[in-house]
Amino acid sequence: MKKNSRRYFLKNAILSTLVLMSPPLLSCSKGSHPVDKNEPDDSLEPKDPYLEIRGAILAWEDIQTLDWPMLANQAGLTTLSVHTSDANMQSAAFKKFLQDCQHFNIAVEYEQHAMAELLPRSLFSQNPDLFRMDETGKRTPDFNCCASSSAALDIIAANARVRAIKQRPTSGRYYFWLDDGGKKCSCPDCKDFNDSDQALLIENRILRELKDLDVTNTLAHLAYQTTMIAPSSVKPDSGIFLEYAPFYRSWSQPLANRSAKRAGMTITHGEYIDNLEANLKVFPRETAQVLEYWLDVSLFSDWKKPAVKLPWNRGVFLADINTYARMGIRRITTFAVYIDGDYQRMHKDLSFIKEYGDGLRNYKL
């Protein structure tokens, strides 16, 4: 997620939470570790680990050029995720990826900025009332929808149902994010709802559709950019879980350093902590999930290749997971995009993947 758009792969992106860690990490090119000769590595798994979900999100190109199911198994991660298309999902490579994840007991999930797909912009010419009203009083198809339009929500939910059937996570956790950097509706019926309230109006409606498929299905509320502020008047239905993504923070200093902030940004770490605590008063703490960027090579590369070497800071990472855990967070993932075959050939060292996994797997409150 970048500025107004993670332009490389997050535009209309379907992403999944992925797990990254690995012991020796000598050469893990795709196919170098046949699955049928390897068993799930649970020898180092602590009994009742505090962090129950330990994952990361990758792009399709990443899993095509590195054996990520094997790396995840070696690392002790629990959940893998990939952004891919319907066409790619029919490929032999993707089917093998799913089989390998199943072999290693790794959950597969899909996350996406989905609104352009769920409410096609082509509908605007016939029914502009489905779409948001901007601050000047004009309807526009630029971002999201009119959250007070029952017709819009019905269309979104119906299309989410279709997508949920095509891309069914093994965990039952779904992610249909609002537009990246998108704005809220300012129509008379929506104007008193903040961005997070409007997001929840949409998410609650989608969840009803998902529950119709399977009553155990759950859906993420992404707290990110404009939705960092907790909802004020709309309550999450049972089955909505918080996903908190502090995109504008600094990764050179621990989140616990309340006065710290990223160069060029105005939001401080203290504000991020306070916003998370406010959200945890609205959403169930036991299902809340953090989406971080510790391993997001694409972010540190400004979403351009060739990728830079990851500025990995193990001390900051360990301090951060302690901060999150002490707030009751037991589910942690990270973007890890651009960690692929090219990255391994250029930079060689992948030891940070093992350090990431070890830190999560061995954490004790």
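In which helix does Asp62 lie? Asp62 lies in helix α1, residues 60-65, where helices (H or I, at least four residues) and strands (E, at least two) are DSSP runs numbered from the N terminus. The model is predicted, so local features need pLDDT of at least 70 and side-chain atom pairs count only at pLDDT 80 or more, while totals for chains, interfaces and linings use all residues. Residues are numbered from 1 along each chain as its sequence is written, and side-chain values use heavy atoms, with hydrogens and water left out.

**Individual buried positions**

Asp62 counts as buried because its relative accessibility is 1%; buried means under 20% relative accessible area, exposed over 50%, and partly exposed in between (1.4 Å probe, protein chains only). The C-alpha atom of Asp62 is separated by 7.2 Å from that of Gly341, although the two residues are 279 residues apart along the chain. When neighbours within four places in sequence are left aside, Asp62 is in contact with Trp68, Ala336, Val337, Tyr338, Ile339 and Asp340, contact meaning heavy atoms within 4.5 Å.

Arg54 is found in strand β2 and, at 1% relative accessibility, is likewise buried. The side chain of Arg54 reaches the backbone oxygen of Leu51 at 2.9 Å. This is a polar contact in the sense of a pair of N or O atoms within 3.5 Å; within protein, one atom must be able to donate a hydrogen and the other to accept it, and residues adjacent in sequence count only if both atoms are side-chain atoms.

Ser196 is placed in helix α7, which covers residues 195-213. With 1% relative accessibility, Ser196 is buried. A polar atom of the Ser196 side chain lies 3.0 Å from the backbone oxygen of Thr227. Apart from neighbours within four places in sequence, the contacts of Ser196 are His221, Thr227, Ile229, Ala230 and Pro231.

Helix α12 spans residues 351-361, and within it Phe352, Ile353, Tyr356, Gly357, Gly359, Leu360 and Arg361 are buried. The cover over these buried residues includes β2 (53-59), α2 (68-75), α10 (314-326), β10 (331-335) and α11 (341-347).

The axes of α2 and α12 come within 9 Å and cross at roughly 45 degrees. Axes here are lines fitted to C-alpha atoms, for helices over the stretch in contact, and angles run from 0 to 180 degrees between N-to-C directions. Trp68, Gln74 and Ala75 of α2 make the contact with Ile353, Gly357, Asp358 and Arg361 of α12. The residues of this contact of α2 with α12 divide into three nonpolar, two polar and two charged. In this grouping, Ala, Val, Leu, Ile, Met, Phe, Trp, Tyr, Cys and Pro count as nonpolar, Asp, Glu, Lys and Arg as charged, and the others, Gly among them, as polar.

**Salt bridges**

A search of the whole structure finds 23 salt bridges, each defined as a side-chain nitrogen of Lys or Arg within 4 Å of a carboxyl oxygen of Asp or Glu. The table gives examples.

| Salt bridge | Closest N and O atoms |
|---|---|
| Arg173 with Glu109 | 2.4 Å |
| Arg163 with Glu117 | 2.7 Å |
| Glu209 with Arg205 | 3.2 Å |

Arg173 forms a salt bridge with Glu109, a pair that links distant parts of the chain: Arg173 is in strand β6 (residues 173-177) and Glu109 in strand β4 (residues 107-109), 64 residues apart. Arg173 is buried at 11% relative accessibility, and Glu109 is buried at 0%.

Arg163 pairs with Glu117 in a salt bridge, which also joins distant parts of the chain, with Arg163 in helix α6 (residues 150-166) and Glu117 in helix α5 (residues 115-118), 46 residues apart. Arg163 has a relative accessible area of 9% and is buried, whereas Glu117, at 32%, is partly exposed.

Glu209 and Arg205 are separated by about one helical turn, because they are four residues apart in helix α7. Both Glu209 and Arg205 are buried. Salt bridges with shared partners join Asp154, Arg161, Arg205, Glu209 and Asp212 into one network.
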